[in-house]
Amino acid sequence: MKVKICGITRSQDVSKCEGSGANLIGFINIKRSKRYVKLKEIIELVSELKNRERAVMVLEPENPEEVVMKMKKTGIRNVQLHSLTFSQIKYLKWIENFHRTPVEPNMKIIRVVGISEDSLDYTTGNGIKFSEEKVLEIEDFAKTCDALLFDYQVNGKSGGTGKQIPIDMAFEAVRIAKEAKHNLEIFLAGGINSERIRNTKAILERVIDYVDVNSGVEDAPGIKNPERVDELMDIKA
């Protein structure tokens with residue numbers, strides 16, 4: 001199981017997270033986020049990385065062209081999307097391939113799928129069962145993207161809620177996604193911290209590729225705590 005630490009806003013946190021062994025490091029370019037950083041700031045922060053392939057740009061774009069433009073400006077090839085339909089993502093992959101130069105690595109698309117109790121259909125009474133609409137959403141994005149990130153959803157928005165997804169709900173979402181695409185990478189977010197990883201590590205490692213940690217290693221939004229980062233990475237190891 002690998003670790004993505006997201007919501008980086010300071011250069012010292014870039015160095016700390018990379019030096020401690022974080023596999024991916026996320027920079028949020030979504031204005032509604034408390035950890036929002038401008039593209040110019042992202043470029044500066046990414047320059048601190050020894051391995052720039054660890055960088056992930058977190059976006060909520062209005063259209064595919066916006067994603068391509070921001071990738072070109074920052075040089076980041078991993079994008080985490082909180083918007084765009086699966087058909088828009090198909091178009092994004094097409095136009096990005098057209099614009100990609102021979103020296104640029106392939107783009108990696110991580111699509112966020114929000115789940116919560118509102119996503120469930122309890123009519124059968126047989127444990128966890130997602131609504132037909134949510135099942136189709138998971139399947140469509142699984143078939144289109146390189147990875148799915150499951151996060152807790154509040155009022156139709158995911159990311160930054162700090163709320164944990166119940167483990168049985170997360171596992172059912174993973175099962176649906178993996179049946180749609182066996183080699184899909186899976187990220188789990190939503191209130192992830194050292195305690196949850198410590199208590200569920202053996203279970204999570206069987207089905208999750210990455211844990212996505214944000215507030216769980218912070219003193220305040222965008223301010224990472226070095227000791228919490230070390231504790232997290234010690235548990236992961």
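Predicted model: local features only at pLDDT ≥ 70, side-chain atom pairs only at ≥ 80, totals over all residues.
**Exercise 1. Is Arg77 buried or exposed, and which residue does the Arg77 side chain meet in a salt bridge?**

Step 1. The relative value is 9%. Buried means under 20%. Arg77 therefore counts as buried.

Step 2. Find the partner. The side chain of Arg77 meets that of Glu96 in a salt bridge, at 2.3 Å from N to O.

Step 3. Glu96 sits in helix α4, while Arg77 sits in the loop between α3 (64-74) and β4 (78-81). They are 19 residues apart, and the pair links distant parts of the chain.

Step 4. Check Glu96. At 4% relative accessibility, Glu96 also counts as buried.

Step 5. Widen the view. Arg77 and Glu96 belong to a network of salt bridges that also links Lys72, Arg100 and Glu104.

**Exercise 2. Which parts of the chain does the salt bridge of Lys4 with Asp212 tie together?**

Step 1. Start with the distance. The closest N and O atoms of Lys4 and Asp212 are 2.5 Å apart. A salt bridge requires them within 4 Å.

Step 2. Locate the ends. Lys4 is in strand β1 (residues 2-5) and Asp212 is in strand β9 (residues 210-213), so the bridge ties together parts 208 residues apart in sequence.

Step 3. Lys4 and Asp212 are both buried.

Step 4. The whole structure holds 17 salt bridges.

**Exercise 3. Where do Glu179 and Arg175 lie, and how many residues apart are they?**

Step 1. Confirm the bridge. The side chains of Glu179 and Arg175 meet at 2.9 Å, N to O.

Step 2. Look at the spacing. Both residues lie in helix α6, four residues apart, or about one turn of the helix.

Step 3. Apply the helix rule. An α-helix has 3.6 residues a turn, so residues three or four places apart point the same way.

Step 4. Compare accessibility. Glu179, at 55%, counts as exposed. Arg175, at 38%, counts as partly exposed.

**Exercise 4. At what angle do helices α7 and α8 pack, and which residues make the contact?**

Step 1. Read the geometry. Helix α7 (residues 194-204) packs on helix α8 (residues 226-236) at about 10°, and the axes are 9 Å apart.

Step 2. Classify the angle. Under 35 degrees counts as roughly parallel. The two helices, α7 and α8, are therefore roughly parallel to each other.

Step 3. Name the contact residues. Helix α7 gives Ser194, Ile197, Arg198 and Lys201, and helix α8 gives Arg228, Glu231, Leu232, Ile235 and Lys236.

Step 4. Sort them by type. The contact has five charged residues, three nonpolar and one polar.

**Exercise 5. Which residues is Leu59 in contact with, leaving aside neighbours within four places in sequence?**

Step 1. At 0% relative accessibility, Leu59 counts as buried.

Step 2. List the contacts. With those neighbours left aside, Leu59 touches Asn29, Ile30, Val67, Lys70, Val79, Gln80, Leu81, His82 and Ser83.

Step 3. Compare sequence with space. Leu59 and Ile28 are 31 residues apart in sequence, and their C-alpha atoms are 6.6 Å apart.

Note on methods:
Residues numbered from 1 in each chain as written. Heavy atoms only, no water. Axes fitted to C-alpha atoms, helices over the stretch in contact; angles between N-to-C directions. Parallel < 35°, antiparallel > 145°, perpendicular 65-115°, else oblique. Contact = heavy atoms within 4.5 Å. Nonpolar A, V, L, I, M, F, W, Y, C, P; charged D, E, K, R; others polar. Buried < 20%, exposed > 50% of the residue type's maximum accessible area, 1.4 Å probe, protein only.
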